[in-house]
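Please work through the exercises below with the sequence and the structure at hand. Each task is followed by a worked solution.

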Protein chains: 2
Amino acid sequence: MKLLHTADWHIGRTLNGYPLLDEQRETFKQILDIAKQEQVDGIVIAGDIYDRAIPNPEAVTTLDEMFRKINLENHLPIYAISGNHDSAKRLNYGRAWMKQSDFYLNTFIEEAFTPIETPQAQIFLLPFFDPMDARTYYGHHDMPNEQVQEIKTISQAMNLVVADMKKNFDPNKKHLLVTHFAVTPNQDTELELTSETNSKVGGLATLTSDEFSDFDYVMLGHIHTRFASPTDNIRYSGSPVKFNVKEARIKNKGKGVDIVTIDDNGINREFKPLTPKTDLIVLEEDWDTLCDEKFYSQQPLDSAWFAITIKNFDPSEHVHTNIRAKLQKHYKTIVELDYQVKASDNQIQTINTNINDLSPEETVDQFFKTITGKDLSNQQKTLVENIFNEVERARK
Amino acid sequence: MKLLHTADWHIGRTLNGYPLLDEQRETFKQILDIAKQEQVDGIVIAGDIYDRAIPNPEAVTTLDEMFRKINLENHLPIYAISGNHDSAKRLNYGRAWMKQSDFYLNTFIEEAFTPIETPQAQIFLLPFFDPMDARTYYGHHDMPNEQVQEIKTISQAMNLVVADMKKNFDPNKKHLLVTHFAVTPNQDTELELTSETNSKVGGLATLTSDEFSDFDYVMLGHIHTRFASPTDNIRYSGSPVKFNVKEARIKNKGKGVDIVTIDDNGINREFKPLTPKTDLIVLEEDWDTLCDEKFYSQQPLDSAWFAITIKNFDPSEHVHTNIRAKLQKHYKTIVELDYQVKASDNQIQTINTNINDLSPEETVDQFFKTITGKDLSNQQKTLVENIFNEVERARK
């Protein structure tokens, strides 16, 4: 049995206002081609299918078409879950009809306990949830209220959920899990990986690989780089498309999908790369270099987007220059423009001009730092995170 | 062959802020019961399924459950279209999977030309569209541009669409049409019926019954009362729920669905009433009467909502009274409260306190009247209507 593992499609996302839909359609084509070439038995999509709770109409139409191509035109099963970016209620619409053609899409905890049965494996589809969802679920399922109120961390909730899944384990089959969380290698390490929300991984919102030790293989979504995979059989596929400049800065940045083969020899994984339609190139140079034809003519100007930081920038020299317009003449699509200014006290300051590129949590964090000169404490960070989670919840 | 004809569910609608979802669930139960008792071969839903382009999550969940009960639990086909309140793109999501179990849902013109074939009839499902949609469609289907630009009214567009449908007519079957427009009896009459948007029927946005003369029977949505049906075989089913106070004022206001029987004897229609969970009662009385226990104790205080107009209201007598609070003690749920004030020049003025109850067009209309003392001309009204249509289009 062969599965293609992908995640974090974030259909409808933009990069500083530049729509990524064409990129997403292009990588989708490649994913479908890989699935057909490899003759897989299904495609796993591990959450964050849309970029937001209320995707725009074009995103809805595009996703519908992608799903149709996989499931109805090519008759491939889909094993999918919602992520933290999806609205569980909205994405749930229509799933009862999709099931008729082996398109499985879970968005609520209660849908996760009954696995999809294949001859060799049981596939458990556990959507993203938070401790409050777990309290609601267990509160409605015969758990005494005191015990329900004790579910405070995602780790506590996950232990209960996994224990309930294990009740349905068939000892003669492999046990696969598809889910959408930040998972670190073990209880003692707090990796500083960045997820798509740019929040640090670790703390209350994090799970450790130990919690999934009862599964033979875990296909994760949430963190956008496969290099964040906590163990050899608890894996992030990464997103098919680069979503921000931070990601473009990471070395070894190739995007792709995993082909996971389950047979009598065990479970094997093979990485298949995806080629971006438009690459995202980070340039950090002085103004003169950036404007030098010898330099910019060597860049792939027609097939890439640029994130540019002007180094050693002296605003007084450019009072009458429209910096962006001048650079745009050469570089065409500039998705981000930063200035590294030599400050009066000789400290280098980077001014990020794109507040839209910051997560709500980071915005608060930077504001706090600007005002107080200090970082938020871990406790404060958790508080801020919880507040934004609640706001987000209200919108779903 | 028997069909149940309903329309204008407007799932998720509120009445001056009071959610109607419970009402909608209750009438849905009754509709499903009627369908089962009558052993119909399908349920027709003629548009305006949701109340808005982006329904809230509860509306989405509720509609999904209703559709499931009809189609997957009771194995009844659904023949549905989108109305002007629905987002064609959003509601289109998932239809390819729904079709697998005879749940047909059309939201675009191009989906309307191929009828659903039953042994006795062809069912054409034509969603709401406007002349711009028709220009887009025909512009992509080999029509010369000059001709495309000539499509200016909905009537011109409909003639083209019906002509294209007729190419697929099977002469051995009855031809049924499901659609969502304002249709008046014939070309010479301009009925002043009110649709759900409260705009007058007639003019550029109106069709006449002649345009549908090639169909044996037409099941319409858009106008919320069945008494607006233009002919004996071109019918509005009306909405299952009363949506506003204006509607509650209309005599002979019973809501219901039609059972349409197609057999060798022709086509027969039978009306089946629905009973509201909560009735909407309009009271227009003097303050003293409204506060008189003999009067209010005779009202169905626990099972109805009230829309109250205080007649001969003298504000100077009630400076220290919280009018709404006082009335709410007796009438519990007051969804609308108006004052009929004796103005200084002895003209009776009704002050509508609920601007939320007005359509955008009516708001402009009233504002214009207040400022200029004149009504908008027909040309101005059309202009205002077009502006709001464009705004609405941009959101879909």
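This is a predicted model: local features need pLDDT of at least 70, side-chain atom pairs count only at pLDDT 80 or more; totals for chains, interfaces and linings use all residues.

**Exercise 1. Confidence**

Task: State the mean pLDDT of chain A and the stretch over which the pLDDT is below 50.

Solution. Begin with the chain as a whole: the mean pLDDT of chain A is 87, and 89% of its residues reach 70 or more.

**Exercise 2. The interface**

Task: Describe the contact between chain B and chain A by residues, by buried area and by the elements involved.

Solution. Step one is the residue count: 28 residues of chain B touch 29 residues of chain A. Step two is the area. The size of an interface is often expressed as the accessible area lost when the parts come together. Here about 2,300 Å² is buried between chain B and chain A, 63% of it on carbon and sulfur atoms. In chain B, the most area is lost to chain A by B:Arg90, B:Tyr93 and B:Trp97, which together account for 37% of what that side buries.

Step three is the polar part: 12 residue pairs are in polar contact between chain B and chain A, both residues being at pLDDT 80 or more. On the side of chain B that touches chain A, two or more residues each come from α2 (57–73), α3 (88–92), α4 (95–98) and β6 (103–106) of chain B. The largest share, nine residues, belongs to α2(B). By type, this side of chain B comprises 14 nonpolar, seven polar and seven charged residues.

**Exercise 3. Symmetry**

Task: Determine how chain B is superposed on chain A.

Solution. A rotation of 180 degrees, with 0.0 Å of shift along its axis, places chain B on chain A with an RMSD of 0.1 Å. The two copies are therefore related as by a two-fold rotation axis. Moreover, 100% of the interface residues of chain B are also interface residues in chain A, so the copies meet through the same surface.

**Exercise 4. Salt bridges**

Task: Count the salt bridges over all chains and across the interface, and examine one of each kind.

Solution. Over all chains, the structure holds 32 salt bridges. Two salt bridges are found across the interface of chain B and chain A. B:Glu58 and A:Lys89 meet through their side chains in a salt bridge at 2.6 Å, N to O.

Within chain A, A:Lys272 pairs with A:Glu38 in a salt bridge whose closest N and O atoms are 3.1 Å apart. Because A:Lys272 lies in strand β15 (residues 266–274) and A:Glu38 in the loop between α1 (21–37) and β4 (43–46) of chain A, the pair ties together parts that are 234 residues apart in sequence.

Terms used:
Residues are numbered from 1 along each chain as its sequence is written. Chains are lettered from A and ligands numbered from 1 in the order in which they are written. Side-chain values use heavy atoms; hydrogens and water are left out. pLDDT is the predictor's confidence in each residue, from 0 to 100. Contact means heavy atoms within 4.5 Å. Buried area is the accessible area (1.4 Å probe) that two parts lose on being put together, summed over both. A salt bridge is a side-chain nitrogen of Lys or Arg within 4 Å of a carboxyl oxygen of Asp or Glu. A polar contact is a pair of N or O atoms within 3.5 Å; within protein, one must be able to donate a hydrogen and the other to accept it, and residues adjacent in sequence count only if both atoms are side-chain atoms. Helices (H or I, at least four residues) and strands (E, at least two) are DSSP runs, numbered from the N terminus. Ala, Val, Leu, Ile, Met, Phe, Trp, Tyr, Cys and Pro count as nonpolar, Asp, Glu, Lys and Arg as charged, and the others, Gly among them, as polar. Copies are superposed by least squares on the C-alpha atoms of residues with pLDDT of at least 70 in both.
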